[in-house]
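I opened this notebook to record what I could look up about a ligand site and the nonpolar packing of one protein. The entries follow the order in which I went through them.

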Amino acid sequence: MIEIRGLVKRYGAVTALDGVDLQLRAGEMLVVLGPSGAGKSTLLRAINRLVPFEAGSVSVDGTAVAAEGAALRSVRRRIGMIFQDHNLVPRLTVLKNVLTGRLGSLPLLPSLAQVFSQRDIDIAMQCLARVELQGRAWDRADRLSGGQQQRVGIARALAQQPAAILADEPVASLDPKTARIVLGDLRRAAHELGIAVLCNLHQVPYAREFADRVVGMHAGRIVFEGPREALDAQALARIYPGLALEAALA
Ligand code: ADP
């Protein structure tokens with residue numbers, strides 16, 4: 001449903017994406033693995049043109065993603081983004097943070113006044129229930145732990161009722177127990193809601209535990225693609241050349 005073809009992105013002399021072809025599928029948790037600098041973050045941001053690219057195309061349900069304007073905004077509404085540092089508004093309640101996920105689908109005036117309908121509030125509460133935080137709806141966002149804030153970020157993305165969620169190193173700053181909860185939330189969003197989830201990670205064990213499909217990147221290219229069971233020593237050597245296996249597995 002999201003089709004990426006021949007994507008090339010350069011930063012000066014650095015080729016961050018060197019001809020990437022990839023499909024994101026509804027209902028699938030796709031994990032992109034790779035060492036730092038492999039191009040994972042650039043790939044994720046190129047999908048909804050947060051970074052412009054030199055060549056190639058991205059299409060959603062067969063329609064090429066426009067470079068600007070209303071057509072691009074409408075694609076962005078269908079794609080939820082999750083970053084390492086969740087970007088919540090600390091002084092707002094958890095519920096209001098989740099409701100901001102609804103802003104893109106409101107007509108302009110209510111969106112400016114931030115007047116949310118009961119339907120929006122119901123959707124936001126359902127999304128909070130999906131990450132088991134409905135009981136915290138009225139707390140200020142900055143009262144929650146880092147892991148809980150990341151899960152509010154997931155609820156906010158879900159409130160967009162997106163076709164896809166793109167998550168860039170969403171568990172980088174979380175302890176293993178919390179990281180597993182967050183990755184479990186993302187996988188459930190894929191499986192239960194039919195969302196195409198793309199998740200950049202640098203931890204191989206999490207990919208082995210949570211991915212339906214794994215893509216390995218190195219130096220701007222896809223060097224491995226397969227189910228998590230295929231992520232063997234040979235695959236890891238392609239993704240992390242020169243790196244001791246124990247380090248990749250850490
Ligand atoms: P990853 O997410 O796998 O760590 P990135 O997509 O962040 O990789 O980076 C890919 C390459 O592009 C790296 O060589 C990085 O230094 C370079 N790069 C990324 N963003 C920029 C930028 N804004 N300006 C210049 N170079 C960049």
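Entry on the model. I am working with a predicted model, and I keep that in mind for each value I note.

Entry on the shell. I listed the residues that surround the ligand and found Y11, V14, A16, P35, S36, G37, A38, G39, K40, S41 and T42. Sorting this shell by class, I counted five nonpolar residues, five polar ones and one charged residue. I then looked up which elements contribute, and noted that β2 (14-24) and α1 (40-47) each supply at least two residues of the shell, with the largest share, three residues, coming from α1.

Which backbone and side-chain atoms lie by oxygen atoms of the ligand? For G37, I read 2.7 Å between a polar backbone atom and an oxygen atom of the ligand, and for A38 a backbone N or O atom lies 3.1 Å from a ligand oxygen. From K40, a polar side-chain atom lies 2.8 Å from an oxygen atom of the ligand. On its own the ligand has 560 Å² of accessible area, of which the protein covers 57%.

Entry on the cores. In the largest nonpolar core, which has 51 residues, I noted that L33, L183, L186 and L231 touch the most other members. Apart from that core I found another, of 30 residues, including L17, V20, L24 and L44.

Technical notes:
Residues numbered from 1 in each chain as written. Predicted model: local features only at pLDDT ≥ 70, side-chain atom pairs only at ≥ 80, totals over all residues. Heavy atoms only, no water. Near = heavy atom within 4 Å. Polar contact = N/O pair within 3.5 Å; in protein donor to acceptor, adjacent residues only side chain to side chain. Areas by Shrake-Rupley, 256 points an atom, 1.4 Å probe, with all protein chains shown as cover. Helix = DSSP H or I, 4+ residues; strand = E, 2+ residues; numbered from the N terminus. Nonpolar A, V, L, I, M, F, W, Y, C, P; charged D, E, K, R; others polar. Core = buried A, V, L, I, M, F, W, Y, C linked by side-chain atoms within 4.5 Å. Buried < 20%, exposed > 50% of the residue type's maximum accessible area, 1.4 Å probe, protein only.
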